[in-house]
Amino acid sequence: DYLDKTKNITCPIEDIIYKKIKDGIRIDEVKTKGEIVLPDFIDGFPVVRIGANTFSKRQDVTAIFLPKYLVSIEENAFAFTNIASIVIPNGVETIGEKAFYSCKKLESVILPENLKHIKGYAFEKCESIVNISIPSKTTYIGNCAFNQCKNLKGIKIPISVSRIGYSFIPKNTIVYCDKGSRAERYIEESYG
């Protein structure tokens with residue numbers, strides 16, 4: 001059940017604390033509550049990063065629409081929020097450590113096709129996620145990335161993934177992967 005972005009008002013610029021960085025704008029804090037539509041541009045520059053701890057522990061945040069030029073979500077960016085779904089834009093290559101840690105209501109995650117790295121603990125304790133599909137350009141899944149996602153029934157891992165951290169998924173999760181892939185070897189080594 002994705003929210004219609006066109007029906008929501010973009011977050012007022014005065015509610016956003018941001019910094020101009022080399023490749024655009026990094027958002028560091030947002031004061032708006034509820035459903036938040038982040039702007040694609042601030043001061044004429046594209047919003048390319050969600051900074052560390054930007055929304056962390058914001059129980060009053062229920063939905064977020066990310067900027068389309070985003071390339072990185074930094075550590076703890078959305079940890080402990082009440083979002084139920086997230087569509088991550090295709091330009092995002094890295095999801096930082098604990099980026100969505102303990103988002104207990106998060107059910108639906110659409111990962112971007114250009115995603116390369118899912119850092120450690122990124123989705124740990126996201127208890128409502130049922131299925132996840134790792135994109136075909138992803139090469140790295142960090143330690144405990146989906147650990148303690150107690151309702152995670154299945155995860156699809158492409159052959160492109162060459163590095164997998166320890167305890168990245170719960171034991172009862174079904175892993176869909178290619179024969180001879182790193183994911184297959186990981187499952188055999190970890191769970192016999």
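Lys and Arg count here as positive and Asp and Glu as negative, while His and the chain ends are left out. Each charge is placed at NZ of Lys, CZ of Arg, CG of Asp or CD of Glu. On that basis, the chain has 27 positive and 23 negative charges, and their mean positions lie 4 Å apart.

A word on the model. It is predicted, so local features need pLDDT of at least 70 and side-chain atom pairs count only at pLDDT 80 or more, while totals for chains, interfaces and linings use all residues. Residues are numbered from 1 along each chain as its sequence is written, and side-chain values use heavy atoms, without hydrogens and water.

Now the overall build. The chain holds 1 helix and 16 strands. These are DSSP runs numbered from the N terminus: H or I of at least four residues for helices, E of at least two for strands. The radius of gyration is 17 Å, close to the 16 Å from the globule rule for 192 residues, so the chain is as compact as a globular protein of that length. That radius is taken over C-alpha atoms, and the rule is 2.2 Å times the number of residues to the power 0.38. Along its principal axes, the C-alpha trace spans about 55 × 30 × 25 Å.

Next, surface and burial. The accessible surface is about 9400 Å², with 49% of it on carbon and sulfur atoms. Areas come from the Shrake-Rupley method with a 1.4 Å probe, and for residues only the protein chains shown count as cover. Of the 192 residues, 48% are buried. Buried means under 20% relative accessible area, exposed means over 50%, and partly exposed is in between (1.4 Å probe, protein chains only).

What about the core? A nonpolar core is a set of buried Ala, Val, Leu, Ile, Met, Phe, Trp, Tyr and Cys residues joined through side-chain atoms within 4.5 Å. The largest one has 51 residues. Leu66, Ile95, Phe100, Leu106, Leu111, Phe123 and Phe146 touch the most other members. Strand 2 (24-30), strand 5 (45-50), strand 6 (61-65) and helix 1 (182-191) each supply at least two residues of this core. Strand 2 gives the largest share, 3 residues.

Stay with helix 1. Which of its residues are buried? Arg182, Ala183, Glu184 and Tyr186 are. Strand 15 (163-164) is part of what covers the buried residues of this helix.

Contacts next; a contact means heavy atoms within 4.5 Å. Among contacts between residues at least 6 apart in sequence, 29% join residues at least 24 apart.

Look at the loop between strand 3 (34-37) and strand 4 (41-42), where Leu38 sits. Pro39 lies in the loop between strand 3 and strand 4 too. Leu38 is buried, at 1% relative accessible area, and Pro39 is buried at 7%. Not counting residues up to four places away in sequence, Leu38 touches Thr10, Ile27, Val30, Ile50, Phe55, Ile64, Phe65, Leu66 and Pro67. With that exclusion, Pro39 touches Thr10, Ile13, Ile16, Val47 and Pro67.

Most residues other than glycine have a negative phi. Asn53 has a positive phi of about 65 degrees. It sits in the loop between strand 5 and strand 6, partly exposed at 43% relative accessible area. Asn76 has a positive phi of about 60 degrees. Its loop runs between strand 7 (72-73) and strand 8 (85-87).
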